[in-house]
Amino acid sequence: MDEYHDGLEKEEARDRLREKLSRLFLKHGMEEWTPAPRRPDGSYFHFFGATPEAWIGRLWPRGRAWKNELSTATLEDNFCNRWSGGLNFLDHLHSASEVSIDPTGNVYPCCITTKAPVGNLLERKLEEILDSLAGNPIYEAISMGHPERMGIAHRWTVEKFLERSRAVLPSGRVYRNLCLGCDAFHEEVLMSKQLVEIGRR
């Protein structure tokens with residue numbers, strides 16, 4: 001919820017969307033997140049957005065940030081190892097576990113989204129999707145905040161992952177971030193060889 005997203009440049013637009021989503025979430029039994037003590041079995045929602053102090057500069061290498069070469073993130077900026085980035089996404093029985101769900105019901109372990117979803121809510125319940133991934137070394141690595149380890153079981157060493165986390169931008173600038181390695185692994189291993197059938201068992 002910030003001015004950097006198309007259609008949300010004005011505060012009035014952000015307020016309208018917040019009110020609309022809040023009504024939807026409350027209707028389905030969710031509660032708005034507050035710093036106060038919360039029920040361990042509760043479902044909560046919370047809005048946040050980019051500000052000059054947070055999320056700007058070290059942007060995720062996606063969308064306009066990628067196209068316009070705006071991201072200053074490096075290999076040290078491990079988006080996987082933070083809130084909204086995949087950390088603990090499999091631990092749905094505990095606080096601070098979160099996933100990203102797109103309008104079609106596809107579920108992703110992080111807000112930036114992996115190249116392939118881990119399941120779809122039109123086919124299975126969220127808890128079933130997450131429980132089916134427990135023990136899978138790819139998703140355990142993401143949940144632990146160590147994406148560079150996701151391919152070890154598929155002969156993608158940490159060194160290879162880091163090598164594939166590098167790109168040369170059209171301007172000639174070399175850009176390195178772990179998200180690039182994650183994308184490459186998904187495209188070359190998970191998606192091309194169809195080693196996982198998403199959402200179906």
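C110 counts as buried, with a relative accessibility of 7%, where buried denotes under 20% relative accessible area, exposed over 50% and partly exposed the range in between (1.4 Å probe, protein chains only). The model is predicted, so that local features need pLDDT of at least 70 and side-chain atom pairs count only at pLDDT 80 or more, whereas totals for chains, interfaces and linings use all residues. Residues are numbered from 1 along each chain as its sequence is written, and side-chain values use heavy atoms, with hydrogens and water left out.

The cysteine closest to C110 by sulfur position is C80, at 6.2 Å, which is too far for a bond; C80 is likewise buried, at 11% relative accessibility. With a disulfide defined as a pair of cysteine sulfur atoms within 2.5 Å, the count is 0.

Strands were taken as DSSP runs (E, at least two residues), numbered from the N terminus, and two strands pair if DSSP finds at least two bridges between them. Strand β4 (residues 106–108) is joined to β5 by 2 bridges, and V107 lies opposite G119 of β5.

Rings of Phe, Tyr and Trp (its six-membered ring) pair if their centres lie within 6.5 Å, planes under 30 degrees apart being stacked, over 60 edge-to-face and the rest tilted; 7 aromatic pairs result. Among them, F45 and F47 are edge-to-face, with centres 5.8 Å apart and planes at 65°, and ring pairs link F25, F45 and F47 into a cluster. F45 is buried, at 5% relative accessible area.

Definitions and conventions:
Helices (H or I, at least four residues) and strands (E, at least two) are DSSP runs, numbered from the N terminus.
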